[in-house]
Amino acid sequence: MVTQPVLEIFAADDCALRPVGEHESFGCLVLNGKPTPAEVGTAVMRIADRNGSEPEEEHGPSPTDPLGIFPHGLLTMPDLFATAGPRATDTTTTGTDFVEPGRCNGLGTWRDWLDVLDGTGCAHFGHDPSSTAEQVGDTVRLTHDAYGTDGSPVTGLPADRVRRRVADAQQDLKDFLGLAGARAEQPPPANAAPVTAALARALDLAPSP
């Protein structure tokens, strides 16, 4: 079983500020230390776009220059969101995605796996599909679609193995953030540090206050 953080992406034209990769709409991009510079650009632009709605008045008017417009939501919105989340795939036999991020699920929900292990013992990962993880004794039961038709794929993993997979997913996000931060420092480097800090918040990697 492999657990990977994935980001939902849309097909997009190249950007004058950052090159982006070619992807189909509603596809998923794995976030770790391996994406190409164009894929990093795709991910950053997708997260910026997802948080690009007009902020409330107290966050100030949107800038008019291209360098200011793209990160404006990232730098001003109080609650940031990156669509998708951790995906758990059986890579040894069936290739089934037992946990697949559904709609209204975000990358910050990687911490929900810790809640399964140390908190409530159950987590939900959006809908369509409604994937769930639930701890039963020393086993974590993964269900692809808890509200789907009968016969939705279900599997169980030892809790200690799940904990290791969650740690791997967290490290993947840290590795991606390192790439994104390095990319932000390249010309034009405007807002590089605050954009990187905002991405850390969107990925729920920011240090606790």
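Trace the cartoon from the N terminus and you'll pass the elements in the order β-β-α-α-β-β-α-β-β-β-β-α-α. This is a predicted model, so local features need pLDDT of at least 70 and side-chain atom pairs count only at pLDDT 80 or more, while totals for chains, interfaces and linings use all residues. Residues are numbered from 1 along each chain as its sequence is written, and side-chain values use heavy atoms, with hydrogens and water left out.

The accessible surface of the chain comes to about 10700 Å², 51% of it belonging to carbon and sulfur atoms; areas come from the Shrake-Rupley method with a 1.4 Å probe, and for residues only the protein chains shown count as cover. Of the 209 residues in the chain, 43% are buried, where buried means under 20% relative accessible area, exposed over 50% and partly exposed in between (1.4 Å probe, protein chains only).

Next stop: the salt bridges. A search of the whole structure turns up six, each a side-chain nitrogen of Lys or Arg within 4 Å of a carboxyl oxygen of Asp or Glu.

Asp128 sits in the loop between strand S5 (122-124) and strand S6 (132-136), and Arg103 in the loop between strand S4 (97-99) and helix H3 (112-118), so the pair ties together parts that are 25 residues apart in sequence. Asp128 is exposed, at 54% relative accessible area.

Move on to Asp118 and Arg163, another salt bridge, at 2.9 Å, N to O. This one links distant parts of the chain, with Asp118 in helix H3 and Arg163 in helix H4 (residues 159-184), 45 residues apart. Asp118 counts as exposed at 56% relative accessibility, whereas Arg163 is partly exposed at 38%.

Then pick Glu134 and Arg141, whose side chains meet in a salt bridge at 3.0 Å, N to O. Both ends are partly exposed: Glu134 at 32% relative accessibility and Arg141 at 38%. For a linked set, select Glu8, Arg46 and Asp49, which salt bridges with shared partners join into one network.

Finish at helix H5, residues 192-202. Colour its buried residues: Ala192, Val195, Thr196, Ala198, Leu199, Ala200 and Ala202. Just after H5, check the backbone of Asp204, which takes a positive phi of about 55°.

Definitions and conventions
Helix = DSSP H or I, 4+ residues; strand = E, 2+ residues; numbered from the N terminus.
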